[in-house]
Amino acid sequence: MRSLLGVRTVAGQVLLLQIVVAVLLIAAAVAGLAVQARYNGEHEAQNRSLAAAESFADAPGTVAALRSPDPTAALQSSVRRARDGSGLDFIAVMTPDGTRVADNEPSLVGRRAEGVERAAAGTAFTEIFEGAPNDAARAVVPVTDADGSVVGLVSAGVSIENVGDAVNRHLPVLLASAGAALALAVGSSALVSRRLRRQTHGLGPTEMTRMYEHHDAVLHAAREGVLIIGDDGRLTLVNDEARRLLELPPDAEGRPVTDLGLDVGTAELLASGRAVTDEVHLAGDRLLAVNTRPTAPYGGASGTVATLRDTTELRAVSGMAEVARERLRLLYEAGVRIGTSLDVVRTAEELSEVTVPGFADFVTVELLDPVLRGEEPSGTHTEMRRTAVSGIRDDHPLQPVGDLLRFAVATTPMAAALASGHAVLEPDLDVAHGWRAQDPSGAREALAYGIHSLVTVPLQARGVVLGMANFWRSERPERFEEEDLAFAEEVAARAAVAIDNARRFTREHTMAVTLQRSLLPRVLPEQGALDIAYRYLPAQAGVGGDWFDVIPLPGARVALVVGDVVGHGLHAAATMGRLRTAVHNFSALDLPPDELLGHLDELVSRIDQEEAGDGEGITGATCLYAIYDPASGRCSVATAGHFAPVLLLPDGTVDCPDVPVFPPLGLGNLPFETAELQLAEGTQLVLYTDGLIEYRERDVDTGLRVLRETLSGHPERTPEETCQAVFGAMLPPHRSDDIALLVARTSLMDRGRVAEWDVPPDPSAVATVRAACGRQLEQWGLEDIGFSTELMLSELITNAIRYGSEPIHVRMLYERCLICEVSDGSSTSPHLRRAATTDEGGRGLFLVSQFAERWGTRYTPTGKVMWTEQSPAAGPRQPVELMLDDVSW
């Protein structure tokens, strides 16, 4: 309460004033009510007195009593009874001259009353009488006879003292009501004062006056614009200077700042609530420095206060600084945006895009054709191909991308820039006669379009001209000036370095891709064991060492190879070629997968040792080698650090066979193992490299899961369709590694095309087997090559009986060609040799080599197999004349 009653604050003074006013009003009301009550009491007493007096005067017998000899005796008792019955203080009967003849107070009988003259004249009246015997509210009524003459007077009344007693009986009620009213007024005043105290923050009158004076000064006298924006983006307060600077409408307050017609940047800043310091914005032709700060926690609702300062007089200086700042920003953007890719055309496009519209309205870039091909530029520079065009509009008259431009006129800005090696300025193209002479019709179209100024800059790197960049202005009225040349040359220099890097990368990438594709199989060999499809994609940033191969083997078998050399570039591609050649050479020996990988591992280790000093070893190469035999449906698989194949079975399920995994080539020094898989006809083997399933955003497990989901449930797909489905679902968005995919669907050889015989170790059995083979050849329709085939089989079976060991087995396979195999349990390797003239034998293999298109030996875990191949379409071969000494085992 002390704080509320304090008079040093506006709230305290208002409370005190309200209490005083309430007291005065209540006191006045009580006094008025008391006076009104007294007045009402006196008026009521007069009316009662008048009624009693008139009743007594008109009572029967009153006139007769007055005319009687003794009026007092006749009227005295009646007066007493009338006084008692009416509740008045007195009733008196008087003669016309005012002498009392009867009175309730007997002592007053005979005394004359004052002030009754009007009643004696015949007029009744009431009054507040002051005099003897006491002050009273009385009424005096004349008593008239039948003819209207006044025969007497009747006076009745109430003393003023008794009227006051009646008023005093109402005073407690009046005082209680006054007290209640005062308490209610004080309470309401206290609440109002508390609210006012909170709103004014306890300020005193002086502070309030000073605050409003300052408020008016800020609104009307300050020469710096002030705005307050609420957190809802609406303008709460604005002073006169801000109205002038921003040209605000009169009803701006309360409207969103975005609806006031302000510059977009200025409106967004004011509505954002972002705090800035001296941020420059345009408002019409004025340059304003804007400062914004949040109003919290300095009072009021949350929002933003903004101050505006007109810096138009500094516009020239600020404009120069802004131009310099913009140029620095453009140079920074050029350094960031030019050269983001190693593509020559894209780099030229980045050069044209980065300076529009900040420096020029249109930019064209021309490059020499050798640069576009990745070659070193040489020869004339007068012919260039337009590579990139960027501008503020698409309907420009400039020549499109792909056109060949010739700079035959030496006075053109382009020719002058190429000759000098520096940027050339043509501020007004309307008077550029050399430029107009180069292409008169094109120049007319450009001038009609509005192109009026040009800066042309040669693109040079390492002192070699790569092309040129042309900067054109049309919409912007300002012409290019001399200070623009330095900026244009700086941007062009940065772009030229990026273009030259892209050119050299293009050259190396093209060479590597060419080398790599030359090392990969161009066409798949003819074979009937597998239906094969493949895909190969080099990395986007450079070629790698991924490869695949399909190698036909003796006995209608096919070898499938997939490998990966760690690294990228020419060295990886060349290394891949060396390994692929080695695999071909080792496969010619008809080695099982584990032995072939063992030889390949030794080769890689030897190469690493030889190239250890150059740091170009190939340690980390992986390889998978599989051999499929269509006669048995068996597939032998061995892997060196490579992913195992995925099998899509004929029922649509996907299987990942358990293939022993060994370290990559060159790291192991351990023997490899071969896994034997029995495959049903129609099974699809899916071989791949890691680039298909793994990249930065996808790990190996996820990639394998996606591959299995893609393959599952689609056994009806051809290998080609499987390749399409896998690539459609699994290609990464950016290929950082090569991808090789090989899909092979198995088929089994018709058992009617296979004939087998077990041969006892008896020379006489040769004829029997030979005859059986002849009959089989007749069934197959191969009578044309029957003699040569029987001859070769006789030689091979005889040598197996003579030099080999049991068991001896003969098998003929008729696929695309006729394959004859003679196996025995010996691992002795036959070979051609010179036979002396006097030798009786040793010429069997020579005959085999003459009649067979191909022949050879392969080793098995239980011995060896001698095999021959003949093409039925070629017919029987004629052996050449024996010019050398014979050959033998």
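In which order do the five strands of the open sheet lie? The legends below take up this sheet and then other parts of the chain.

**View 1. The five-stranded open sheet runs in the order β17-β27-β26-β22-β23, with antiparallel pairing.** The model is predicted, so that local features need pLDDT of at least 70 and side-chain atom pairs count only at pLDDT 80 or more, whereas totals for chains, interfaces and linings use all residues. Residues are numbered from 1 along each chain as its sequence is written, and side-chain values use heavy atoms, with hydrogens and water left out. Helices (H or I, at least four residues) and strands (E, at least two) are DSSP runs numbered from the N terminus, and two strands pair if DSSP finds at least two bridges between them. The edges of the sheet are β17 (530–537) and β23 (654–655), each of which pairs on one side only. Between β17 and strand β27 (residues 739–746) the antiparallel pairing extends over eight bridges, and Leu 742 in β27 is the bridge partner of Tyr 534.

**View 2. Helix α22 (residues 719–730) packs on the sheet, where α22 touches β17, β26 (684–688) and β27.** Contact here means heavy atoms within 4.5 Å. The direction of α22 makes about 30° with that of β17; axes are lines fitted to C-alpha atoms, for helices over the stretch in contact, and angles run from 0 to 180 degrees between N-to-C directions. Phe 727 is found in α22 and counts as buried because its relative accessibility is 10%, buried being under 20% relative accessible area, exposed over 50% and partly exposed in between (1.4 Å probe, protein chains only). When neighbours within four places in sequence are left aside, Phe 727 is in contact with Arg 535, Leu 537, Leu 692, Ile 739 and Leu 741. Of these, Leu 692 is 35 residues from Phe 727 in sequence, with 8.2 Å between the two C-alpha atoms.

**View 3. Thr 639 lies in strand β21 (residues 634–640).** With a relative accessibility of 1%, Thr 639 counts as buried. Not counting residues up to four places away in sequence, Thr 639 touches Leu 597, Cys 623, Leu 624, Val 659, Pro 660, Val 661, Phe 662 and Phe 672. A polar atom of the Thr 639 side chain also lies 2.9 Å from the backbone oxygen of His 642.

**View 4. Asp 310 belongs to strand β10 (residues 303–310).** Its 24% relative accessibility places Asp 310 among residues that count as partly exposed. Apart from neighbours within four places in sequence, Asp 310 is in contact with Leu 245, Arg 286, Leu 287 and Leu 288. The C-alpha atoms of Asp 310 and Glu 224 are separated by 7.8 Å, although these residues are 86 residues apart along the chain.

**View 5. The chain as a whole has 25 helices and 32 strands.** Buried residues make up 46% of its 889 residues. Among contacts with a separation of 6 or more, 62% are between residues 24 or more positions apart.

Definitions and conventions: A polar contact is a pair of N or O atoms within 3.5 Å; within protein, one must be able to donate a hydrogen and the other to accept it, and residues adjacent in sequence count only if both atoms are side-chain atoms.
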